[in-house]
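Work through the exercises below with the sequence and the model open. Try each task before reading its solution.

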Amino acid sequence: MSASAKRLAVDGGAPVRTTPWPTYDKGDALLNADDQAAIARALGSRRLFRYDTRRYEETETGQLELELARAFDVPYALACSSGTAAIALGLMGAGLRPGDRVACPAFTFSATPSAILLAGGVPVLVDVDDDLHFDLADLERKLTPELKAVVVVHMRGFASQIDRIAEFCRAKRLILVEDAVPSCGASLGGKHLGTFGDAGAFSTQSDKSINTGEGGFVLFHDEQHLARAAVLAGAYEGRIHHHVAHTAFDPLSLPLFNFRLDEIRAALARTQLARLDDKVRRHHAVYNEVAQRLAALGNIRVRQQVAPNDGFLGECVNFWVEGADMATTQWLVCALRAEGIEARQLGDPGDINIRCFWHWRFLWPQERAEVTMTRAPNAARHLATAIDVPLAACLTAADRDDLIDAVGKVCAAHKRTMGVAA
Ligand SMILES: Cc1ncc(COP(=O)(O)O)c(C=O)c1O
């Protein structure tokens, strides 16, 4: 009997798989002896704080920043404590002032608008297109004299149309920060995501391409932007001279937020940076196969990239089942989970997903979710029925077969109940 004709697990049939679906690395899958050696090296130095009597180049954190700048082909990098801190440092370093309005997309992790608040900005929501990418036309509509900056997010590893957005921001003199947290290692047209704007923010939290448990970094093109961010991040009492010879501002004019990275995590980030290209190649291979096979099932619309076979990491796949409304998608996802695939419906009302803007109640405390949804109607519509499946870089051929079998089986059952020939 073909997989598709079998009884669904949700109806008591045998599931496609019984082993847990591999999610992101969650700290173990791609760690190796080099990582252990790096941590032992940092510990062995007995110096765990980045600023001490050593020269910048003698510290793990200093070396990491030099290696990041080389790897991403930018002049400056600053290691920091998280991706959220990296976005805030990018904005403040590039000159955001308290009270400035900052555009951000309606489809992102709630850390993005949170980072804008952290930097003293006021988030302004921008809608997304049918493939959940930042909608430049909506940004143009939201442009006001108070809008001073834009945070673009390469959400779920997919590039936004960052080249066009960067051109727009340059023309309108808007600060542009890329939240490249979900897309570390991906590029568009041969240029790394996170290097198109004034600053590019990254996380090294466990789910990300470089995994140090917690951590982050921010890339800059301008020396004084880097200098401001370094002071804000905790280069106090002359420590800024580890980064730059001169500052064009009084370092005491800036508050001290202490978003520094420590030497142990910096050592770990260095070994993983050396393996980043390899990890991206694995992600690409997994994603390309899965996306092609899903599309071949017939009634699936896979999220499109902004350029053919470019601008993606491949850490997850997003797709829609044609004709499926919110309730049907809820059923499809429930059936997929019963088959052993860790799928989520992004806009499932019964499963709060903080990547959906109507859950950001810290921005609109008095507003009902149905009213908030009208702030970005296209995002609300497409998130409601979007299915999200994480694709770890370590997925095996058997895992990939299971995913396709499970989606095929569930969609075939859905077609049968809709009275359409499978
Ligand atoms: C799009 C996005 N931005 C920012 C962050 C925040 O990163 P961190 O957890 O390192 O602060 C995340 C976390 O996953 C994210 O997905």
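**Exercise 1. Is D138 buried or exposed, and which residue does D138 meet in a salt bridge?**

Step 1. D138 has 6% relative accessibility, so D138 counts as buried (under 20% relative accessible area; exposed is over 50%, partly exposed in between; 1.4 Å probe, protein chains only).
Step 2. Its partner is R141, at 3.3 Å from N to O. A salt bridge here puts a side-chain nitrogen of Lys or Arg within 4 Å of a carboxyl oxygen of Asp or Glu.
Step 3. R141 is exposed, at 60% relative accessible area.
Step 4. Both residues sit in helix α5 (residues 136–142), three residues apart, which means about one helical turn separates them. Helices (H or I, at least four residues) and strands (E, at least two) are DSSP runs, numbered from the N terminus.

Two notes on the basis. The model is predicted: local features need pLDDT of at least 70, side-chain atom pairs count only at pLDDT 80 or more, and totals for chains, interfaces and linings use all residues. Residues are numbered from 1 along each chain as its sequence is written, and side-chain values use heavy atoms, with hydrogens and water left out.

**Exercise 2. Which residue forms a salt bridge with R54, and which parts does the pair tie together?**

Step 1. The partner is E263, with the closest N and O atoms 3.3 Å apart.
Step 2. R54 lies in the loop between α1 (33–44) and α2 (60–72), and E263 in helix α8 (residues 263–274), so the pair ties together parts 209 residues apart in sequence.
Step 3. R54 is buried at 11% relative accessibility. E263 is buried at 1%.

**Exercise 3. Which residue pairs with D388 in a salt bridge?**

Step 1. D388 pairs with R156; the closest N and O atoms are 2.9 Å apart.
Step 2. D388 is in strand β13 (residues 387–390), and R156 is in the loop between β4 (147–153) and α6 (162–172). The two are 232 residues apart.
Step 3. D388 is buried at 4%. R156 is buried at 10%.

**Exercise 4. What is the strand order of the open sheet of four strands, and which strands stand at the edges?**

Step 1. The order is β10-β11-β13-β12, with antiparallel pairing (at least two DSSP bridges between two strands).
Step 2. β10 (300–302) and β12 (344–345) each have a single partner strand, so one side of each lacks a neighbour in the sheet.
Step 3. β10 and β11 (residues 316–321) pair over three bridges. I300 has V321 as its bridge partner in β11.
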